[in-house]
Amino acid sequence: MSKRGDNLSNKNKRGSRRAATERSASGKSKKSSSKKKTTLKREGAPSPFWKWTKRFAVFGGVAALLGTVFLAFAVGFAARELPSFFQLKASQAGQTILVRARDGSEIVEIGPSFGEWLEFQDIPENMRNAMVAVEDKRFYSHYGVDPIRTTGAVVEGFTGARSRVGGTSTITQQLARNLFLSSNRTFDRKAREAILAMALEWKFSKEQILELYLNKVYFGGGAYGVDSASRKFFSHPGKTLSVAEASIIAGLVKAPSRYSPTADVQAAVDRAAVVLRLMKEQEYITSDQASVDVDAVQLKQQAGQNSVRYFTDYVLPQLDIILPETNAPLEVWTTLDVGMQRAATAAVASNSPDGAQGALVSLDRDGAILALVGGTDYVESNFNRATDAMRQPGSSWKLFVYLAALEAGYTPEDKVVDTPVTIDGWSPRNSNGRNVGETSLRTSFAFSINTVAAQLGNEVGFGTVASMARRFGISSPVSTFPSMVLGASEVRLLEMTQAFAGISARGMAVEPYGISKVVTSDGETIYQHKTPRETKLVPDYVAAGITDLLQAAVQTGTGRAAQIGRPVAGKTGTTSSNKDGWFVGFSSGITTGVWMGRDDAKRVAGLQGGRAPARAFAAYMRYAVKDRAVEEFDTELNLPEWRLEPDEEALFGDPDDYYFIDEQGNLIEPGRRDPDSPAFDIDGERPLDPVEEPPAAVTDDFLEQAIGGEANSPPNTPEPPSSVSDPGFLREDDPPL
C-alpha cells in the first residue's frame, strides 16, 4: 500500500509540474502576442513632435490673432488721440532767440529756426526724392513700419552681423519720435514709436506725412525744416533747391553736427555723394546728376561765433529769471561790443603760453559786460573759465588787504617794515627771498611785498579783510587763515574784475550785467535793465588811496607791462609754482581782468601776472579805450577832519580843555602848573609855562567822610574840589583809552 501510494504521489507531482510548465509557456505566448499588437498600434499613431507642432501652431495662431486685435485697438486708439494735421503744422519744437550786440548787430541765433512752411507741392521734387532715397526707400509701400528692415534688424541682432547700412526707423517712425517721443533707445519706446507710426499712416496720407517730416526734421545749426536749412546753408528759400543742395540737406539727418557744411565741407560732400548714389540706384536721377560740384554749391558765409558763445552761455540762462514764461521768439539786446570781443579773443589767443588756457572779462563803468572770453577755443572746450573756474588770485587779492589798511588809518606815504614775520606758525616770504627793511605803503604794494601784506592783515584782522572782499562782490567762500592775505582763497575772474570796477567807480558798488533789454517778435519790450541804487562801499579817501597804490603798481611796480600810454591802475597776481597768472586793472572807465593757467592746475613755465596776463591786458585795452577820452585818476587824499588831527587831539578833544594830573593825583585845570617844576606837555616833548601852585590833594579825612565815616581832621580841612565838568576825554566813536 505504501509503495503504491508513493507512486501515485509521484505521478501527481510530475503531472503538476507539466501543467505548470504548459501554463507558463501559454502565458509567454500571450504576452508576446500582446506586445506585437501594441507595437503595431504605436507605429500607426502621430509622433510627439507633430503633436507639439500642431499645438504650437494653434496657440501661435490664437496669440497672433489676439495680438492683431490688440494692435488694431492700440493703433486705432492712438490715431483717434492724434492732433489734427493743422495742429501739427502749428506746433513748434522750441523757442528761437536772436542775440544782438549793443549796436544792434546780430551776434548769433540760438534755438530752433523753422523758416517758412512749405506745402507738399512747393517742396522741390529733388528734395522729396533725396529724403526718401536715403532714409526710407519703401516709404510709399509700407504702413508706418517696414517689415523687411525690421526683420533684417532682428536677424542682425541674433547673428551679430556688422554690415548694417542704415537704421530701422522709417520716415513715419522718425516723425512720430520727433513729434511725441524722446530718443531713448529702449524696447518700450520703439514699441510706442511703431504704434504711433501706424496711427499716423492710418490718419494721414503719405503726402501729408512727408510734408510734416520735411518741415519739422532737424538739419543742424538750429534749423528745423527744409526752408530753414536752405536759408541757413545756402542763403535762399527752400523752394529752389538744386539736386546737389538737396543731397547735402538730406544727408544731414543722420548726423547734423558731423555732416554740417559750415563745420566740415568735405564731410558734407562725402555724405551727399552717398545720397546721390542711392537716388541713382532707385532711379530718381541719372548718372550725370549723381555727382556734387562743390564750386557750384554756394555755402553761406558764417560769422565767427567761437568766443561769443562763452558770452551767450553766461547771459542767456538769466532769461529764466528775468522773464515771465513764454515760448514766443525773442530778440535779446546785450551789452557786448563786437569789436572789443574780437580784440579780447585775439589778445588771449596770442598771449597765452603754450598748453595754457586764458580768460578775459571787461566791464564798463556801469557794470555792462563789453567782452567776455572763457577760453582759447570754444569748439575745443566750452568750459567758461571767466565765469565758472575757481582759481587762486595770488597777490591780486592784496587789493582787499590794503583797502582794509587804508580804511583803518594808513596812508600811501606811511612807513612799514619789510622784515621776516611769523603768524600762528605761518612764515611768508617774498618772491625774491630778500627783505628791504623800512619802506612806504605805496612801494610795498607796487612791488607786492608779501611780508608787509601779512603784517597788515594780521593788524587789521583777517576777518576784516574777508569782510572787505565780500563788500566788493566776492561771493566765493573766503577763508580767514593768515595765508588768505596772499590769495589762498579761490575766486572767479568775473568776481575779481567786479571788485576792481568798484575801485574804478571811486568806491561805488558795480554789478556786472550782460542783457540790456528783451524784445518780442512784434516789437514789445518785455524787459529793460534798470540801474541799481548807488551803494557806497568805502569812503572817497580810501578809494583815492587804493587807486594811488594801483597806479604805482603799473607805473613802477610789477605791472609795468600793462602800460598803454595813458593812466592805468591795476594789480598782478601769481600763485605758487606759476600755476596761475592774473592781471586786473582799469583805465578810462573800463575795467578788465585777465587770467591764464592750465585747467589741471599744473605749473606753467614762466607764467607770471606781470608778463603774459599783463601783456594781454595791454593789447586789449589799447583797442578798448581808443575812442575814449584820457582820464586822470583821483588820488588826492581829502581826509576827514578827525583824520587830520594828531592822534592825541583826536582822543582828548580841544587842547584848551585838557586836564592834567599832578604828582599828588589831583586834576589840574588848564594853565595851572607848579612854578618850581619843569612841567612838560602830555607827550613830554616841551616844557610848559610855569603857573600858580596847584591845590593840595584831598585828605584822608575827607575820603573817610565821603564813605560815611567820622573825620579826624581839624576844622580847617580844605574843601574838596567842586565837581569837575566833563573834560571831553572821549567821543562816542573813539576807542577807550
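Helix α6 passes helix α8 in a left-handed crossing, a term for a near helix turned anticlockwise from the far one by less than a right angle. Helices (H or I, at least four residues) and strands (E, at least two) are DSSP runs, numbered from the N terminus. This is a predicted model, in which local features need pLDDT of at least 70 and side-chain atom pairs count only at pLDDT 80 or more, while totals for chains, interfaces and linings use all residues. Residues are numbered from 1 along each chain as its sequence is written, and side-chain values use heavy atoms, with hydrogens and water left out.

**The α6 and α8 pair**

Two packed helices are described by the angle between their axes and the distance between the axes. The axes of α6 and α8 come within 10 Å and cross at roughly 55°; they are lines fitted to C-alpha atoms over the stretch in contact, with angles from 0 to 180 degrees between N-to-C directions. That angle makes α6 oblique to α8, since angles under 35 degrees count as roughly parallel, over 145 as roughly antiparallel, 65 to 115 as roughly perpendicular and the rest as oblique. Contact means heavy atoms within 4.5 Å.

| Helix | Residues | Residues that meet the other helix |
|---|---|---|
| α6 | 171–180 | I171, T172, Q174, L175, L179 |
| α8 | 206–216 | I209, L210, L212, Y213, K216 |

**Helix α18**

Buried means under 20% relative accessible area, exposed over 50%, and partly exposed in between, with a 1.4 Å probe and protein chains only. In α18 (residues 462–471), the residues F462, V465, A466, M468 and A469 are buried. They lie on the same side of α18, because they cover an arc of only 155° around the axis, taken from the directions from the helix axis to the C-beta atoms. The buried residues of α18 pack against α15 (398–407) and α17 (450–460). G473, which follows α18, has a positive phi, near 105°.

**I503**

I503 lies in helix α19 (residues 493–504) and counts as buried at 1% relative accessibility. Leaving aside residues up to four places away in sequence, I503 touches L399, L403, F472, A543, I546, T547, L550 and F586. I503 and L550 are 47 residues apart in sequence and 9.7 Å apart in space, C-alpha to C-alpha.

**The whole protein**

The protein has 24 helices and 16 strands, and buried residues make up 43% of its 737 residues. Among contacts between residues at least 6 apart in sequence, 68% join residues at least 24 apart. The protein exposes about 40100 Å², of which carbon and sulfur atoms supply 51%; the area comes from the Shrake-Rupley method with a 1.4 Å probe.
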